[in-house]
Amino acid sequence: MKKWKSLLTLVCLIWLVFGVFTFSKIGYQYIGKSYFQSENFQHELDNFQSELGPLVLNKPNAEELKSKIEVGLNEIEEHRNYYGSLSDQVANINAQYEGRIQEAADVKATELKTKLENERDEKIKDITTNFQDDEYVRKKIQADKEALVDEYIKSAQVEAKNFAQNYNYWSYELKNTDTGKVFRSGDVSESSAYKVNYTQQHPLSTWNISSNLSHIFSQTNVYLDSEAFHETADYIGTITMSKKVAQQVSVMDGYDRFTRNQYMFFIIWITSILAAVFTWKGRKEVLLAVQGLTEKNNLEKLRIDIQGAVLFITGCMYWFSSYIAFESIEYAYESNYVRFFIDFLLKLFVLIIIGIAFFVQLIWLYDRVSTAKKLGDNLKDSYLWGLGDSLTDLFLNRSIALHSIVMVAAAFFGGGSLVASMVAGGFPVFVFGVCAIVGIPAIVVFLSRMGYLNRIMKDTKDMADGRLNRDVKIKGKSPLAKHAENLNHLREGVRTSMHEQAKSERLKTELITNVSHDLRTPLTSIITYTDLLKKSDITDEERKQYIHILDKKSERLKVLIEDLFEVSKMASGNIELHRSRVDLTQLVQQAVGEHEEDLAQGRLDLRMTMPHEPLYAYVDGQKWWRLIDNLIVNVLKYALEGTRVYVTLKRTANGEAEFTVKNVAKYEISENADELFERFKRADASRHTEGSGLGLAIAQSIVDLHGARMSIDVDGDLFKVIVRIPGV
């Protein structure tokens, strides 16, 4: 009894789904509607009303339409030049007739030759007149458009006769609201199956141009704006469909079919509601019964994607059978109701069988993926998951993927050729030869590539163990050779990274030490002399001396902090440049000139070499002044007394502006010159001067912001800074 109850519940579920399926498709057509509100009848009524105006009520005549035709200058020009210019069209006409006239002359057909020449001359004359007389062209276009109007009027007359025959079951009595003219057909007072009244508030609005004939104006080379012809008229009155006449035509067949279908679908939908109640009550028994079926274990042995594919196929069959059962009600019509019901019950039985198979599989699949863990485990175990991983890995390198596909194709071809050589009777030697030609080279290439792959894998393991002193051997131009080249780049990058990391750690330590020292030294002096100023027994002279020292140390600390902020802003790019066209010759002379007295006091002999003409570049004048000032201050701090300082500005062969500062260093420069661009890096490691170590770093940041280049050359004690920027 439980099994039968579960089976009946499944049948009710299938009937419920079928009811929902049919309701979703055509429920809106039958609920609360009569046949005369259905889409089919409304479509019939719309067709009648849309053609009643242009074919009966608002029939236009040819003269009215022709009076609305307009020909614009653009149309005249387009018609005139449609086949090219005057010379092109004349040449084309001559070319068309030249051969034919020559043939007539060759056979001495004088009459034909004269006729062809006259035709040619007439056409040339017509074309020439087209380009000379606008009115001549306008009349030709007007004639073409009037011909279209005549064609429409003729077609409308034929269409009107067909309209009267096809819609003779409609009666109407309509009055034009503007002219008062009344149009009648049939007797609207007869008993009607359908009736619609039009009033002043809701009149019948009709066009004068038939939409069924509008193609006459559009499907032609002649441009005719049919929208200019369109006029509407409003009518009041009545349109009816006589019961007596309607029963004699097919329109009432649709009424009978609609009524029959409406009753049948109402029965289906009401019984579906009852089936929904029974299904809800027996849902637990169905789940337990389906989950306890022994066939479930056999299906669960399949991977989940195969089970899903079987369910999808069953679902498609279920939808298709539902649609067939639905169509047997909605569209099939049998006068023999017994035959109709037998056909429907047979299709319904097939639907129930397929539906039971679908819902049983659906419950099994749901039970298999009811938790996130079950779903994840089954997906990872599926064929598609494994295939996706393999294909993803294969196409990481397209060249390898292509080679793999070629190798597999060669293997299939070779194996197929070998089998063919065994079973074929007439050409085994030939097939075996083809197999050898394709298969043997493929095997040789495959074994060679596998050997090279093993070598690369061994060298990669050596790199992983830290042995970076030997390159991976590169053989040929295969993807494996490209991989070996990439491994070599990686090895070199690792070595460079290790070197840079060691250098970065060393510079970081020096940076912390230098910043601490350069900040602590003036700060200690400030604290010390502030304490001394607190004493009451110091003299005014000592107080002035202490204040002078405090002022000097405070200024020193201020400069250091400002330089630190400046280089930080420039390094982060958080600074704006205001570029303009600047004369570098004048700028260098002014910037260096401010330090001539300081250079003289430091017993440094300045030698400047400047171009005689202006040398322009697009730079931020204020920032570039700071760059030159920093380089000269660097000379004042670190140049050896009694030596020469060379400042040079010139234009290079490639048009760049090159600014150079050379001096002899006071202290030994034994470190890497490029490190002098680092922050707080100073040439005098013993720190005899008061420099912040930020001068060259700020200069380098200014150069980078301008997209220029800056380099340092050290040759013994000779120190040289070179700055290059594109000139204008």
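This report describes aromatic contacts, salt bridges, a surface patch and some backbone features of a predicted model.

## Basis of the values

The model is predicted, with local features needing pLDDT of at least 70 and side-chain atom pairs counting only at pLDDT 80 or more, while totals for chains, interfaces and linings use all residues. Residues are numbered from 1 along each chain as its sequence is written, and side-chain values use heavy atoms, with hydrogens and water left out.

## Aromatic rings

A pair of aromatic rings is described by the distance of the centres and the angle of the planes. Here, rings of Phe, Tyr and Trp (its six-membered ring) pair if their centres lie within 6.5 Å; planes under 30 degrees apart count as stacked, over 60 as edge-to-face and the rest as tilted. Across the whole structure, 25 aromatic pairs are found. In one of them, tyrosine 169 and tryptophan 170 have ring centres 6.1 Å apart and planes at 35 degrees, so this pair is tilted. Buried means under 20% relative accessible area, exposed over 50%, and partly exposed in between, with a 1.4 Å probe and protein chains only. Tyrosine 169 is buried at 8% relative accessibility, and tryptophan 170 is buried at 2%.

One aromatic cluster is formed by Phe21, Phe23, Tyr30, Phe258, Phe265, Phe266, Trp269, Trp319, Tyr323 and Phe326. Other rings have a charge over the face (NZ of Lys or CZ of Arg within 6 Å of the ring centre and within 35 degrees of the ring normal). Arginine 283 lies over the face of tryptophan 280, 3.8 Å from the ring centre. Arginine 581 lies over the face of tyrosine 616, at 3.9 Å from the ring centre.

## Salt bridges

Side chains of opposite charge can pair when their charged atoms come close. A salt bridge is counted when a side-chain nitrogen of Lys or Arg is within 4 Å of a carboxyl oxygen of Asp or Glu. The structure holds 19 of these. Helices (H or I, at least four residues) and strands (E, at least two) are DSSP runs, numbered from the N terminus. Lysine 113 and glutamate 117 form a salt bridge with their closest N and O atoms 2.7 Å apart. These two residues are 4 residues apart in helix 6 (residues 110-132), so about one helical turn separates them. Lysine 113 is partly exposed at 27%, and glutamate 117 is partly exposed at 23%.

In helix 14 (residues 337-368), aspartate 343 and lysine 347 are also 4 residues apart, or about one helical turn. The closest N and O atoms of their salt bridge are 3.2 Å apart. Aspartate 343 is partly exposed at 32% relative accessibility, as is lysine 347 at 26%. Lysine 650 and glutamate 658 meet in a salt bridge at 3.7 Å, N to O; lysine 650 is partly exposed at 40%, whereas glutamate 658 is buried at 11%. Glu77, Arg80 and Asp134 are linked in a network of salt bridges.

## A nonpolar surface patch

Patches are made of residues with over 30% relative accessible area and no salt bridge; like charges are joined within 9 Å, and nonpolar side chains (Val, Leu, Ile, Met, Phe, Trp, Tyr) within 5 Å. Accessible areas come from the Shrake-Rupley method with a 1.4 Å probe, and for residues only the protein chains shown count as cover. Leu302, Ile306, Val310 and Tyr383 form a nonpolar patch on the surface, with about 320 Å² of accessible area together. Tyrosine 383 belongs to helix 16 (residues 383-394) and is partly exposed at 49% relative accessibility.

Helix 24 (residues 695-705) is mostly covered, with 8 of its 11 residues buried. Among the buried ones are Leu696, Ile698, Gln700 and Val703. Just after helix 24, glycine 707 takes a positive phi of about 70 degrees.

Two strands pair if DSSP finds at least two bridges between them. Strand 11 (residues 709-715) and strand 12 (residues 718-726) pair in the antiparallel sense over 7 bridges. Valine 714 has phenylalanine 719 in strand 12 as its bridge partner. The two strands form a hairpin with 2 residues between them, and glycine 716 in the turn has a positive phi of about 70 degrees.

## Positive phi outside glycine

Lysine 108 has a positive phi, near 60 degrees, and is not a glycine. Lysine 108 sits in the loop between helix 5 (86-106) and helix 6 and is exposed at 70%. Arginine 603, also not a glycine, has a positive phi of about 50 degrees. Arginine 603 is in the loop between helix 22 (596-601) and strand 7 (605-609) and is exposed at 54% relative accessibility.
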